[in-house]
Amino acid sequence: MAPIAVGDVIPDGTLAYLDDENKPQSVSIHSLAKAKKVIIFGVPGAFTPTCSLKHVPGFIERAEELKGKGVDEVICISVNDPFVMNSWSKTFPENKHVKFLADGSAKYTYALGLELDLTDKGLGVRSKRFALLVDDLKVKVANVENAGEFTVSSAEEIIKAL
């Protein structure tokens, strides 16, 4: 499948998270994004160096600025289970706005056309690193990284586009 691109409508899909009682829940991406301006950013894996030290912190640190520019939701997706995503989110105690959602089987990542096969490195199928600016389900900005890079999918790059 071709990767999601500017002008496309994001596919619907179900992602997972843990509620306040640590019970798995699911949410439709369309329910979070319909009639809203959202940022959906994807990372190859929770607890990995670039994701934990650069990508996620950038969105957490700039969340208020993003909200001030009309962004309703900031969503982080990774091909991990909701237990891992919940544990990872707790390593960012300053976070007040970024939702951490799990795409455990990579179904949504495949629907976006943003899968990254790292099987040869023992990591299985993951997500490419990306950031999408979506307005009422339509992609306005699609910043997708080449494997191993972190140049276009940062919060700073999304802010430039707003």
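Ser153 sits in the loop that links strand E9 (138-144) to H6, where helices (H or I, at least four residues) and strands (E, at least two) are DSSP runs numbered from the N terminus. The model is predicted, so local features need pLDDT of at least 70 and side-chain atom pairs count only at pLDDT 80 or more, while totals for chains, interfaces and linings use all residues. Residues are numbered from 1 along each chain as its sequence is written, and side-chain values use heavy atoms, with hydrogens and water left out.

Ser153 is buried, as its relative accessible area is 0%; buried means under 20% relative accessible area, exposed over 50%, and partly exposed in between (1.4 Å probe, protein chains only). Leaving aside residues up to four places away in sequence, Ser153 touches His55, Phe59, Arg129, Phe130, Ala131, Asn143 and Glu145, a contact being heavy atoms within 4.5 Å.

Now to the whole protein. Six helices and nine strands make up its secondary structure. The C-alpha trace spans about 40 × 35 × 30 Å along its principal axes. Of the 162 residues, 47% count as buried. Among contacts with a separation of 6 or more, 63% come from residues 24 or more positions apart.

What lies inside? The largest nonpolar core has 25 residues, and Phe41, Phe59, Cys76 and Trp88 touch the most other members. Such a core is a set of buried Ala, Val, Leu, Ile, Met, Phe, Trp, Tyr and Cys residues joined through side-chain atoms within 4.5 Å. Elements giving two or more residues to this core include strand E3 (37-43), helix H2 (49-61) and strand E4 (73-78). The most comes from H2, with four residues. Phe41 touches residues including His55, Phe59, Cys76 and Phe130, not counting those up to four places away in sequence. A second, separate core of 20 residues includes Ile4, Leu101, Leu114 and Val134.

Two loop residues have a positive phi without being glycine. For Asn22, phi is near 60 degrees; Asn22 lies in the loop between strand E1 (14-18) and strand E2 (24-28) and is partly exposed, with a relative accessible area of 41%. Ala35 has a phi of about 60 degrees, belongs to the loop between helix H1 (29-33) and E3, and is exposed, with a relative accessible area of 62%.
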